[in-house]
Amino acid sequence: MRMLAAGTFAAMVVATPAHAAAPSAGDLVVNGSFDSGTKGWWSSKNTPIKVDGGRLCAEVPAGGEKSWSAQLGQSRVAFEAGQSYKVSFEATATKTARIRSVIQRGSEPYTAVVDGWPEVGPASKKFSFVGRPKAGDPEGQLLFQVGGAAEAYTLCLDNVSVVPVVEHVVNGSFDAGTKGWWSSKNTPIKVDGGRLCAEVPAGGDKPWTSIVGQSRIPFKAGQPYRLSFKASASKNVKIRSVAQLGAEPHTGMVDGWPELGAGQRTYVYNGVAKATDAEGQVLFQVGGAAEPYTLCLDDVSFTGGE
């Protein structure tokens, strides 16, 4: 079966030391801790699987032209349009290898809705990816595509989970135009080709002298949050992306300074809220540019606080 690599949202990896995880409420994965053996899981004929020491281990073959030429996964992972999902799992491999972990439609065109390419190795790590599908599918699939290996190796997985997460950004894919978004008067915005594009002026002595953003973003003190987005710019620039309090002292909860250029890239920043605020903001502060340029954003997401 051919599995296409097209994606609506490619979230970057967060890798942390692995630890035991309790089953999550609303988990779409069946038997993600493998307490029931391989129940609910399948693999391609060239990639035999078994449970060993409480983990699902696959014998990955060498070769294959495409990532989907060897794979293991689970079917009937039903996802809904507009709902954000988090895929998380722990993984080790007897050789360092890059694999693809993906939630996708179960039939042509096999569109990916959460897509990641983690590098796995002998040290156990936990990986997580977040995405938001533009269309739902009751027959979706969660796959680990491992084809194309230079040498055969053993991949082991544990605590595999797919859970819905609360999305705090409205219209982050800009399917509804600029609804929910605003900008400072010196920074006009419009939707062009499905992206929100802003004409950034030159000048300004502070980043906040030119802003694109969204208000009424809630925070809860002590809770973790994740800001992700795709961005490109007509010139190489550094901007500030921040989720912050909506009033003085405008404390940043999640703060990043991405470097942008002509090629669209995905950026992810994580943080823990220092205070509670029902009127927070997600902002792209772009003041202080040496020359005017065009900034374009897509798939803006702010999740957490569940």
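Cys197 and Cys296 form a disulfide, with their sulfur atoms 2.1 Å apart. The structure used in these exercises is a predicted model.

**Exercise 1.** Determine where Cys197 and Cys296 lie and what their link ties together.

*Solution.* Begin with the strands: Cys197 belongs to strand 16 and Cys296 to strand 25, so the link ties together parts that are 99 residues apart in sequence. Next, consider the geometry: the link of Cys197 and Cys296 is right-handed, with 110° about the S-S bond.

**Exercise 2.** Find how many disulfides the whole structure holds, and describe the one formed by Cys57.

*Solution.* A search of the whole structure gives 2 disulfides. Cys57 is bonded to Cys156, and the sulfur atoms of this pair are 2.1 Å apart. Cys57 is in strand 4 (residues 55-60) and Cys156 in strand 13 (residues 153-165), 99 residues apart, so that distant parts of the chain are linked. The link of Cys57 and Cys156 is right-handed, with 110° about the S-S bond. To classify the two residues, apply the cut-off for buried, under 20% relative accessible area. Cys57 has 4% and is therefore buried; Cys156 has 6% and is therefore buried. With bonded cysteines counted along the chain, the pattern of the disulfides is 1-2, 3-4.

**Exercise 3.** State the order of the strands in the open sheet of 5 strands, and name its edges.

*Solution.* The order is 14-17-24-20-21, and the pairing is antiparallel. Strand 14 (182-183) and strand 21 are the edge strands, as each pairs on one side only. Within the sheet, strand 20 (residues 240-244) and strand 24 run antiparallel and are joined by 5 bridges. Ala243 has Val282 of strand 24 as its bridge partner.

Key. Residues numbered from 1 in each chain as written. Predicted model: local features only at pLDDT ≥ 70, side-chain atom pairs only at ≥ 80, totals over all residues. Heavy atoms only, no water. Pairing = 2+ DSSP bridges. Helix = DSSP H or I, 4+ residues; strand = E, 2+ residues; numbered from the N terminus. Disulfide = S-S within 2.5 Å. Buried < 20%, exposed > 50% of the residue type's maximum accessible area, 1.4 Å probe, protein only.
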